[in-house]
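Please find below a short note on the structure under review. It takes up the packing, the strand pairing and the charged pairs in turn.

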Amino acid sequence: MKVGELMTGVNLITAPPETPVLEARRLMLKEKIRHLLVTETDGRLIGIVTDRDIRLNLPSQATSLSVWEINHLLTKLTVGEVMTRAVITIGPDREAREAAVLMLDHSIGALPVTDRGRLAGIVTETDILRGFVWLTGGPGAPAPSPGRSA
């Protein structure tokens, strides 16, 4: 089974690097995704932000800052500042097993899929599990929801 058969490739949810972290967090919660692809205006992939990246950059409950100071700082923080820039990617023609091995080896939950240097989709742990269930006789062929990543 190929990555292209498992990946989400339509209606990808992306954000530019200047997106405020709080806006990205709201978008991720609204769309029920855990990985947000960061792209330039030309669609070129430049990073990825996870729900964990955002949580780690939010202030602790034990902070001595006032609510106004926290909000001021958070409105200035962008996804470009918290994203992972060294993104591991995979091609749509690669075997799904290779994607799973990459994800395991690097302890990551998603791989952006690129084709000739352009963003083509995203494959997540959920997509890999869906493929496994299908290959082992489970119900239905893989059909990720448009625009979703888990």
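**Notes on the predicted model**

1. The largest nonpolar core has 15 residues, and Leu36, Val38, Val49 and Ile54 touch the most other members. A nonpolar core is here a set of buried Ala, Val, Leu, Ile, Met, Phe, Trp, Tyr and Cys residues joined through side-chain atoms within 4.5 Å. Two or more residues each come from α2 (21–31), β2 (35–39), β3 (45–50) and α5 (79–82). The largest contribution, three residues, is that of α2. Helices (H or I, at least four residues) and strands (E, at least two) are DSSP runs numbered from the N terminus.

2. The model is predicted: local features need pLDDT of at least 70, side-chain atom pairs count only at pLDDT 80 or more, and totals for chains, interfaces and linings use all residues. Residues are numbered from 1 along each chain as its sequence is written, and side-chain values use heavy atoms, with hydrogens and water left out.

3. Beyond its neighbours within four places in sequence, Leu36 is in contact (heavy atoms within 4.5 Å) with Ile13, Thr14, Ala15, Ala24, Leu27, Met28, Gly47, Ile48 and Val49. Another core lies apart from the one described above; it has eleven residues, including Val3, Ala96, Leu111 and Val123.

4. Strands β2 and β3 run antiparallel and are joined by five bridges; strands count as paired if DSSP finds at least two bridges between them. His35 has Thr50 of β3 as its bridge partner. Five residues separate the two strands of this hairpin, in which Gly43 takes a positive phi near 90°. Six of the six residues of β3 are buried, so β3 is largely enclosed by the rest of the structure. Buried means under 20% relative accessible area, exposed over 50%, and partly exposed in between (1.4 Å probe, protein chains only).

5. How many salt bridges does the structure hold? There are eight, a salt bridge being a side-chain nitrogen of Lys or Arg within 4 Å of a carboxyl oxygen of Asp or Glu. One of them joins Glu31 and Lys30 (3.4 Å, N to O). Glu31 counts as buried at 18% relative accessibility, whereas Lys30 is exposed at 63%.

6. Arg44 and Asp42 form a further salt bridge, with the closest N and O atoms 3.9 Å apart. Arg44 is partly exposed at 40% relative accessibility, and Asp42 is partly exposed at 41%.

7. Asp127 and Arg130 also pair in a salt bridge, the closest N and O atoms being 2.9 Å apart. Both residues lie in helix α7 (residues 125–135), three residues apart, about one turn of the helix. Asp127 is buried at 3% relative accessibility, while Arg130 is partly exposed at 28%.
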